[in-house]
Amino acid sequence: MHTSTTSTVPLAPWTAEQLEQATQGNWLNNKKPADAIKRILTDSRDAEQGDAFLALQGERFDAHDFVAQVAASGCQIAIVSRPLDIDICQLVVDDTRLALGQLGAYRRQQNPQLKVIALTGSSGKTTTKEMLGSILSRLAPTLITRGNLNNDLGVPVMLLELRPEHQYAVMELGASHQGEIEYTSNMVQPHVAGIINIGTAHLGEFGGRDGICTAKSEIYAHITETSIIPAADDFTETIRQAVKTEQSLSFGAGGEVYASDVVLDAQSSTFTLHTPQASKTVQLPFAGEHNVENATAAAAFALAIGIGLDDIVTGLEQAVGAKGRLNFIQHKQYLLIDDTYNANPGSMRAAAEVLAQQQGIRVMVTGDIGELGSSAAMEHYKLGRDLVSVKGINFVVAVGEFAPAAQEGARSTQYGKKMQAFLNQEQALPFLIHLIETHQPQPMSFLFKGSRYTHMETLMAALMEKL
């Protein structure tokens, strides 16, 4: 995990006593650093003099093996769960993974000026987070979860980057098992938090959407002010039962913060944003109805933390999508839409609707969706059936182990001929080139999407080289 801070402003230093206090650890042989400690790092490649290297242990790795190497590069402090025969200051703790969490929580408590938003959900987390970041960072320094640092290791790593000038923090919390969000939301202590939606991401780990709802609802246990609720979700009632705060705010159709007069353009959308205080038109630089929903969610979180409607609208209109999230790349008469950051069944269907709005021959290129457990084949079957049925999509090119299952789904409809299935990218590329050759000189739009591990951006780059 790469944890170097993106800011040039130095972090607030730590003392040896603070590290001890936060982790309940002990300095080996009472040998402790005399000077202030610059940073706490989990990536041995970045550790230098003045840093403390925290040695994580996983199922397949043990960073205790890197402590000697870190010491050789000038780093004189390590946080370990067993004493090592190395001449270096060693803070010995029970469990370095838990110690990382304790250090993150300690840093959070040291910044009482901070207003914290935490959010979770099956899809739209990253986009909603970026929209919130755009709203808040215009007003004051804001810490925003980077990349996918949203699990029990990533959340404390982000909290370690808190600095005294930060006024806001937007923390994305992910769940890959029950209890994870309980752990991270307790660490983050949000003023405002909530679920964006309950979809079908990580079905495998949770054994169904009920399990996903239970895991995500753990976010409501540690909110100090306002709970945010999706009004139009299948699980809205279950979610409401998890709320512990007196104050709540709902968003989406039937909620207190909602959109009307929605106009979807090829690469943007316009809508009226309604809030309990007032309404205002928003020109959103994001395509797709799902992003209008994400914008209403972002507005609800921002309202709950005390941001005015004008500032919310300005922030939404200036928001920029994360890399690999519906990024539009125009190349000659070809439009390539890079939506390769990740995928789940819900976001895959939403992406298809965006593609259907584009010009020319529309081609959807899909990779496998991971973490669906025993329902993977059936979920891909349903996806294949639904994607070819989207009006306006001319071809679906499915790539990966579950491409044949998707093709079976496609063939269960009258549009079966729209889909081609390939087991890998090398087989798919010649077909994509063939499509381009047979449709010249017409404009064409391609959308690439798949789970992170499928690296669909590789296939997109390979195709761009041929254009």
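Residues are numbered from 1 along each chain as its sequence is written, and side-chain values use heavy atoms, with hydrogens and water left out. Because the model is predicted, local features need pLDDT of at least 70 and side-chain atom pairs count only at pLDDT 80 or more, while totals for chains, interfaces and linings use all residues.

## Nonpolar cores

A nonpolar core is a set of buried Ala, Val, Leu, Ile, Met, Phe, Trp, Tyr and Cys residues joined through side-chain atoms within 4.5 Å. Buried means under 20% relative accessible area, exposed means over 50%, and partly exposed lies in between (1.4 Å probe, protein chains only). The largest nonpolar core has 54 residues, of which L19, I40, I79, L103, M171 and Y220 touch the most other members. The greatest contribution to this core comes from helix α3 (residues 96–109), which gives five residues. Helices (H or I, at least four residues) and strands (E, at least two) are DSSP runs, numbered from the N terminus.

I40 illustrates the packing: not counting residues up to four places away in sequence, I40 touches W14, L19, A52, L54, I79, L103 and L160. Contact here means heavy atoms within 4.5 Å.

## Annotated domains

An unreviewed UniProt entry lists residues 37–91 as "domain: Mur ligase N-terminal catalytic". Over residues 37–91 the chain is 11% helix and 22% strand, with end C-alpha atoms 13 Å apart. The unreviewed UniProt entry also lists residues 324–435 as "domain: Mur ligase C-terminal". The span 324–435 is 40% helix and 22% strand, and its end C-alpha atoms lie 24 Å apart. UniProt positions are given in the numbering used here, feature names are shortened, and annotations may be inferred rather than shown by experiment.

## Backbone positions

Most residues other than glycine have a negative phi, and most peptide bonds are trans. L326 is not a glycine, yet has a positive phi of about 50°. L326 is found in the loop between α11 (309–317) and β15 (327–331), and is buried at 13% relative accessibility. E371, likewise not a glycine, has a positive phi of about 60°. E371 is found in the loop between β17 (361–366) and α13 (376–388), and is partly exposed, with a relative accessible area of 45%.

Which residues does a cis peptide bond join? The bond joins Q440 and P441, with omega at about 0°. P441 is in the loop between α15 and β20 (444–449). Helix α15 (residues 425–439) holds H439, which is buried at a relative accessible area of 15%. Not counting residues up to four places away in sequence, H439 touches I361, F395 and M444.

## Salt bridges

Side chains of opposite charge can pair when their charged atoms come close. A salt bridge is a side-chain nitrogen of Lys or Arg within 4 Å of a carboxyl oxygen of Asp or Glu. The structure holds 20 salt bridges, including the pairs in this table.

| E172 | K129 | 3.2 Å |

E172 forms a salt bridge with K129. E172 lies in strand β8 (residues 168–172) and K129 in helix α4 (residues 125–137), so the pair ties together parts that are 43 residues apart in sequence. Both E172 and K129 are buried.

D234 lies in the loop between β10 (226–230) and α9 (236–242) and R209 in helix α8 (residues 209–216), so this pair ties together parts that are 25 residues apart in sequence. D234 is exposed, with a relative accessible area of 62%, whereas R209 is partly exposed at 26%.

E237 and R240 both lie in helix α9, three residues apart, about one turn of the helix. E237 counts as exposed at 52% relative accessibility, and R240 as partly exposed at 36%. Finally, a network of salt bridges links R349, R385 and D386.
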